[in-house]
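Thanks, everyone, for making the time this morning. Before I say anything, please take a moment with the sequence and the model on the screen.

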Amino acid sequence: MLEIINLHAEVEGQKILQGLNLKIDKGEVHSIMGPNGSGKSTLASILAGKEDYDITDGDIVYKGESILELSPDERAQEGIFLAFQYPIEIPGVSNGYFLREAYNCINEARGNKPLKPVQFGKLAKEKIKMLKMDDSFLQRSLNEGFSGGEKKRNEILQMAILEPLLSILDETDSGLDIDALQIVANGVNSLRSKETSFLVITHYQRLLDYIVPDFVHVLVEGRIVKSGNKDLALELESKGYSWLED
Amino acid sequence: MEKLDTRLIKNFEERNLSKHSLGWISDYRSTAINLVKEMGMPKLSDEDWRFTSLKDFSLKDFSPIFSSKSNFKKPSLPDYIDKIDGYFIYIHNGNLVSGTEYPFIVEPLEASFEYPEVKKVLLDDTLSKNKDFFYELGSAFIENGLYLKINKSQKIDKPIIIINSFDSELDNKFLNTRNIFFFGESSSAEIIEYSLSDSQNEYFLNKTTTVNIESNSNVEHLLVEAGNKNSYIFSNLKIIQSRDSNFTTNSILTGGLLIRNNVHPMLNGEGANSNILGLYLSTEEQLMDNYMFVEHLKANCESRQLYKGLLNDSSKGVFHGRILVHEEAQQTNAYQTNRNLLLSDDAQVDTKPQLEIYADDVKCSHGATIGQIDKEALLYLRARGISKDKAMLMLIKAFTDEVCEPIKNQTLLDAFHNIVNNWFEKSKLTN
Ligand SMILES: Nc1ncnc2c1ncn2[C@@H]1O[C@H](COP(=O)(O)OP(=O)(O)O)[C@@H](O)[C@H]1O
Ligand SMILES: [Mg+2]
């Protein structure tokens with residue numbers, strides 16, 4: 001599904017990713033943990049196609065082809081989804097309208113017909129229920145005035161509606177109470193299948209009790225310094241990162 | 001070479017415009033032409049013209065046109081205007097196209113000079129201390145125009161749609177129009193003014209409209225200035241509101257090489273309410289100068305200004321928002337917001353509030369912003385599969401839509417959205 005090969009990336013001359021290698025197969029859940037500033041969000045943004053970074057070396061291969069030249073929208077249409085660490089507020093664009101546009105753009109790219117507002121409304125309401133959100137949410141402006149938890153839930157709602165093949169979750173669990181965490185985890189788990197893959201970036205082992213990963217990687221200074229199974233997360237939780245840092 | 005104002009003054013004298021069969025019109029014109037002479041064409045050094053140079057304009061040769069000889073042909077309007085269920089009034093090159101009956105009064109201005117309310121509106125205007133060159137020029141050349149009157153307690157069931165069409169007869173001409181819209185007590189109406197030009201050549205349009213709203217009336221007004229992009233358009237819209245009247249005006253500016261949009265609401269009766277909305281959509285070399293002058297004369301009135309600019313290419317925008325609260329106007333609420341979205345590095349905008357408050361119990365606020373498309377917002381939408389062009393349009397539309405929020409009438413709202421959407425399509429903003 002995804003292969004990151006010797007990826008080097010910098011921003012304004014500052015080296016952030018320094019030879020990152022990672023392979024995620026269909027149906028797998030990988031988790032990345034690592035100290036603040038190690039480059040986790042940078043990796044997520046680069047995968048989503050954010051243009052602020054210079055890729056100085058390496059490649060990202062998705063479904064057998066390099067995606068470095070693809071725009072963010074093309075990547076999304078190919079099935080890549082990033083749940084942002086800090087979802088932005090967009091006043092004046094309603095959630096409902098935005099979700100339908102996104103759904104139709106992605107489905108059009110997959111060769112499907114767009115859904116009428118009524119049909120889409122049905123689909124959206126189902127997913128909203130799953131995430132225990134309120135229907136009135138569709139009328140509100142995109143993320144505007146949302147609490148931290150609502151924003152994160154909205155990311156997962158979008159994911160549930162758009163049904164991506166590769167989902168990248170950037171600290172979606174940060175700032176969630178245990179109830180919200182379970183709701184979010186349920187949303188993610190409902191999408192797990194033999195065809196879908198996940199890259200779960202997190203700070204806390206807690207999330208991984210609910211979304212159980214196949215592999216755990218530790219990112220330090222732009223490089224993966226250790227990989228293991230879910231037990232590695234427990235070890236990191238008790239020992240911290242410093243023992244891996246040199 | 002002689003300046004435009006000098007030539008126009010000469011033309012005024014050659015035509016003997018100060019001699020009219022109605023004595024008060026003769027006086028009215030003479031007073032105005034004297035002011036025109038005295039003031040001269042505005043310069044950058046004039047506080048109210050700081051950002052808009054009339055240098056090129058003042059060297060142009062525009063000669064006045066009064067009566068049109070070209071045949072009226074119904075202009076080809078976009079469907080979303082043409083198909084509106086409304087009362088259409090056509091004005092062609094400044095002349096009212098007659099032959100249609102309306103359930104309200106529609107006459108050429110000249111025919112209405114004998115009405116006492118018209119005389120009063122015109123003469124009251126001369127008392128204003130704030131003199132504007134183009135306003136006075138309009139008074140000096142007063143002749144063409146429209147008188148529209150809604151009688152007391154009349155509720156007009158469908159929007160009144162005034163189509164101002166121009167053709168090549170106007171090339172290199174100066175057209176002066178003076179409109180008076182009179183809304184009797186407890187009346188209600190919606191008006192759309194739509195102007196468009198058939199020719200691509202330059203013309204000079206000087207348009208003055210006085211809207212008189214008697215007490216307890218409700219009026220909504222949508223003004224679309226879609227003339228060609230080589231024209232010089234000077235628009236003066238003055239609104240006099242009586243007690244407990246509600247007025248909403250929304251200007252969408254898309255036309256003109258240079259457009260000066262003066263809006264001057266006078267809240268002249270307690271409990272009057274005014275929404276002053278506008279959208280200036282500029283591309284290429286266009287210059288759109290908005291001069292707002294909101295005057296609170298009586299207590300307990302509220303005014304809300306919301307003007308937004310969307311500027312592309314090397315176009316330029318100006319927003320000058322003046323609020324004057326007179327001593328008597330206690331418990332005034334006056335709000336002003338100006339927001340600008342620059343779509344290119346070469347676009348430019350100047351914004352300036354000017355508050356003069358002489359009453360002590362006043363709530364007054366103003367705010368202005370100048371920004372660009374938010375890159376993070378754009379990425380967010382694109383990361384959900386929405387193409388760059390579509391995402392840009394979503395963000396731009398979110399920006400412009402706010403301007404129509406205070407409009408209540410659905411037909412006017414639909415027209416607003418259609419006009420703005422159509423402009424987006426034509427302007428190819430996302431290249
Ligand atoms: N757009 C950017 N401009 C400048 N510096 C950046 C940018 N993005 C990331 N960085 C820097 O790169 C480093 C890694 O950041 P980030 O990927 O956000 O780390 P993490 O998500 O692991 O906490 C930090 O030092 C951060 O300041
Ligand atoms: Mg981060």
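I will go through the confidence scores, the ligand site, a strand in chain A, and then a sheet and some single residues in chain B.

First, the conventions: this is a predicted model, in which local features need pLDDT of at least 70 and side-chain atom pairs count only at pLDDT 80 or more, whereas totals for chains, interfaces and linings use all residues. Residues are numbered from 1 along each chain as its sequence is written, chains are lettered from A and ligands numbered from 1 in the order in which they are written, and side-chain values use heavy atoms, with hydrogens and water left out.

As for confidence, the model scores ipTM 0.96 and pTM 0.91. Chain B has an average pLDDT (the predictor's confidence in each residue, from 0 to 100) of 95, with 99% of its residues scoring at least 70.

Let me turn to ligand 1. Its shell, meaning residues with a heavy atom within 4 Å of it, includes Val11(A), Gln14(A), Lys40(A), Thr42(A) and Tyr53(A). By class there are 4 nonpolar, 7 polar and 1 charged residues, where Ala, Val, Leu, Ile, Met, Phe, Trp, Tyr, Cys and Pro count as nonpolar, Asp, Glu, Lys and Arg as charged, and the others, Gly among them, as polar. Which element gives the largest share of that shell? It is α1(A), with 3 residues; helices (H or I, at least four residues) and strands (E, at least two) are DSSP runs, numbered from the N terminus.

The side chain of Tyr53(A) has an N or O atom 3.5 Å from a nitrogen atom of ligand 1. Taken alone, the ligand exposes 560 Å², and the protein buries 67% of that, with areas from the Shrake-Rupley method and a 1.4 Å probe, and, for residues, only the protein chains shown counting as cover.

Elsewhere in chain A, strand β10 (residues 197-201) has 5 of its 5 residues buried, where buried means under 20% relative accessible area, exposed over 50%, and partly exposed in between (1.4 Å probe, protein chains only). Ser197(A), Leu199(A) and Ile201(A) cover one side, and Phe198(A) and Val200(A) the other. In a regular strand the side chains alternate between the two faces of the sheet. Strands pair if DSSP finds at least two bridges between them; β10(A) runs parallel to β3 (residues 29-33) of chain A over 4 bridges, and parallel to β9 (residues 166-170) of chain A over 5 bridges. Val200(A) is the bridge partner of Ser31(A) and also of Leu169(A).

In chain B, an open sheet of 10 strands with mixed pairing runs in the order β3-β2-β6-β8-β10-β12-β14-β16-β18-β20. Its edge strands, β3 (95-96) and β20 (362-372), each pair on one side only.

Most residues other than glycine have a negative phi. Yet phi is positive, near 55 degrees, in Ser186(B), and near 50 degrees in Glu284(B). Are these residues buried or partly exposed? Ser186(B) is buried at 18% relative accessible area, whereas Glu284(B) is partly exposed at 44%.

Note on methods. Polar contact = N/O pair within 3.5 Å; in protein donor to acceptor, adjacent residues only side chain to side chain.
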